[in-house]
Amino acid sequence: EERQAEEHRGRDTGKMGVAEKLAELQLEMARTQKNKATEGHLGILKAKMAKLRTELLEPTGPTKQAGEGFDVVKYGDARIALIGFPSVGKSTALALLTGTESEAAAYEFTTLTCIPGVIHYKGTKIQLLDLPGIIEGAASGKGRGRQVIAVAKSADLVLMMLDATKPDAHRAQLEQELETAMIRLNKDPPNIYFKKKKTGGVKFNNMVPLTKMGATPGDTVYRVLQEYRIHNCEVVFRGDYAIDDLIDIIEGNRKYVKCLYCYNKADAVTMEEVEVLASQPNSIVVSCHLNLNMDRLVSRMWDMLAMIRIYTRRRGEPPDLEEPTVLTAGRGGVNVKVMCMHLHKDLLKEFKYALCWGQSCKHAPQRVGKDHELCDEDVIQVFKKTAKQYGMEKKGKTLTKQGCIAEPKKEVDKKDKRGPSSNRHDGGPAKNTGKMGKSAGFA
């Protein structure tokens with residue numbers, strides 16, 4: 001028991017040391033003026049802060065312990081996480097959208113664990129998770145914030161519930177907590193090529209002018225790489241990005257998630273305030289108490305998830321419109337290859353071609369391959385190879401259209417690409433064919 005107490009105190013001391021260093025760097029960054037001359041110094045400070053945050057959020061070593069999380073199995077075609085401050089209407093929204101009973105009361109922290117529900121919409125099943133309310137400092141583990149954020153990382157969409165009657169500072173605080181926890185909302189991964197090498201030094205190149213990296217972007221990149229002790233690598237910027245994007249690529253543990261901002265309690269504000277909130281990007285205003293605009297909320301979630309439904313068809317039968325195969329860009333892609341993997345893992349090995357009907361085709365039906373991109377409500381009919389074709393391919397042989405084994409091509413002599421011919425003059429006597437002309441050997 002004494003040994004465990006000493007290890008616990010040592011672990012707390014280490015965490016306090018990292019937190020103090022992080023606070024000092026934040027203070028130094030606040031004191032530093034932001035201009036082109038200080039971009040390199042600010043880049044080094046940001047790199048140090050990113051390393052400390054990674055060490056604080058993901059501790060490594062013998063003292064690492066498995067934390068208590070929310071054991072919720074993934075179900076359905078997509079997962080949505082409800083995130084917000086306490087008492088903003090998350091449990092009420094879950095009950096209205098899914099019919100799942102979740103305790104709701106007038107006091108804060110009513111929900112203490114993760115409560116799942118399922119939304120049935122357009123033939124698909126969407127899992128909705130009601131998470132406990134997070135508070136300031138949740139990224140550091142306060143109020144089970146680390147478990148809540150871990151569930152948000154596994155979600156396909158974050159539904160951020162906000163109170164329309166309170167200032168917009170709540171939105172900024174939640175975004176800051178998720179940003180600290182390595183979650184990037186409504187952002188695409190930066191198009192930066194980064195590869196470590198054993199030798200060769202640092203090779204830096206940019207395909208567009210860099211306006212967010214200061215006067216000398218190359219020096220800023222070199223200094224950040226030295227902070228990470230990377231001395232041999234290749235970096236190529238294919239867009240105008242900042243130093244934060246380069247740090248995200250180097251760390252490699254960032255999660256890019258779509259986010260929909262939902263302002264609840266619209267019945268308690270004026271129409272002018274509702275119009276201002278609704279005009280913001282990726283935002284919607286609802287009232288869970290009066291059940292206002294909830295159907296539009298489900299439609300917006302469907303649009304942001306960008307799910308497509310694919311129907312299958314057997315030869316000589318109408319398509320099966322009851323149970324579609326649902327594909328999303330965030331779960332592998334939306335091509336024929338991914339659809340075959342959803343149906344059966346061995347179907348891809350026996351795949352020959354497919355016939356497609358729908359918006360993705362130029363004509364109906366269209367013969368397509370594995371890389372064909374599908375659209376919503378397309379109909380697919382897959383044709384498999386015959387047993388003879390599949391067996392010959394396993395042996396490394398190919399078949400012709402008539403079903404015969406194709407013979408390997410004969411190599412042509414490099415000196416004469418025309419191949420063997422009776423009319424070729426190779427230095428010997430020409431063959432007389434009995435006809436006049438050059439082909440008979442006459443000059």
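1. The second largest pocket holds about 590 Å³ of space. A pocket here is an open set of points on a 1 Å grid over the protein atoms alone, where a 1.4 Å probe fits and protein lies on both sides within 12 Å along at least five of seven lines. Grid points are joined across faces, edges and corners, and the volume is the space filled by probe spheres set on them. The model is predicted: local features need pLDDT of at least 70, side-chain atom pairs count only at pLDDT 80 or more, and totals for chains, interfaces and linings use all residues. Residues are numbered from 1 along each chain as its sequence is written, and side-chain values use heavy atoms, with hydrogens and water left out.

2. What lines this pocket? There are 22 lining residues, each with an atom within 4 Å of a point. Lys46, Arg53, Glu179, Arg184 and Asp244 lie nearest the centre. Elements giving two or more residues to the lining are α2 (39–57), α5 (169–180) and α7. Helix α2 gives the most, with 5 residues. By class, the lining has 11 charged, 8 nonpolar and 3 polar residues. Asp, Glu, Lys and Arg count as charged; Ala, Val, Leu, Ile, Met, Phe, Trp, Tyr, Cys and Pro count as nonpolar; the others, Gly among them, count as polar.

3. Overall content. The protein has 11 helices and 15 strands. These are DSSP runs, numbered from the N terminus: helices are H or I with at least four residues, strands E with at least two. Of the 443 residues, 39% are buried, meaning under 20% relative accessible area with a 1.4 Å probe, protein chains only. Among contacts with a separation of 6 or more, 63% join residues 24 or more positions apart. A contact means heavy atoms within 4.5 Å.

4. The β6-β8-β7 sheet. These 3 strands form an open sheet of mixed pairing, in that order. Strands β6 (192–196) and β7 (202–206) stand at the edges with a single partner strand each, so one side of each has no neighbour in the sheet. The twist averages 5 degrees from one strand to the next. Pairing requires at least two DSSP bridges between two strands. β6 and β8 run antiparallel over 5 bridges, with Lys196 partnered by Cys233. β7 and β8 (residues 233–237) are parallel, also over 5 bridges. Asn205 stands opposite Val236, and Asn206 opposite Phe237. In β8, 4 of the 5 residues are buried, so the strand is largely enclosed by the rest of the structure.

5. Which helices lie across this sheet? Helix α6 (residues 217–227) lies across β6, β7 and β8, at about 140 degrees to β7. Helix α7 (residues 243–251) lies across β6 and β8, at about 40 degrees to β6. Axes are lines fitted to C-alpha atoms, for helices over the stretch in contact; angles run from 0 to 180 degrees between N-to-C directions.

6. Strand β1. All 7 of the 7 residues of β1 (residues 78–84) are buried, so the strand is largely enclosed by the rest of the structure. In a regular strand the side chains alternate between the two faces of the sheet. On one side sit Ala78, Ile80, Leu82 and Gly84; on the other, Arg79, Ala81 and Ile83. β1 pairs in the parallel sense with β3 (residues 124–130) over 5 bridges, and Leu82 stands opposite Asp130. β1 also pairs in the parallel sense with β4 (residues 157–163) over 5 bridges. There, Gly84 has Met161 as its bridge partner.

7. Around β11. Of the 5 residues in β11, 4 are buried. β11 runs antiparallel to β12, joined by 3 bridges, and Ile308 is partnered by Leu327. β11 and β15 pair in the parallel sense over 3 bridges, with Ile310 opposite Asp378. Helix α10 (residues 336–343) has Val336, Val338, Met339 and Cys340 as its buried residues. They pack against β11 (308–312), β12 (325–327), β13 (351–357), β14 (366–368) and β15 (378–384).

8. Pro324. Where is Pro324 found? Pro324 is in the loop between β11 and β12. Is Pro324 buried or exposed? At 17% relative accessibility, Pro324 counts as buried. Not counting residues up to four places away in sequence, Pro324 touches Gly123, Arg309, Ile310 and Tyr311.

Note on methods
Buried < 20%, exposed > 50% of the residue type's maximum accessible area, 1.4 Å probe, protein only.
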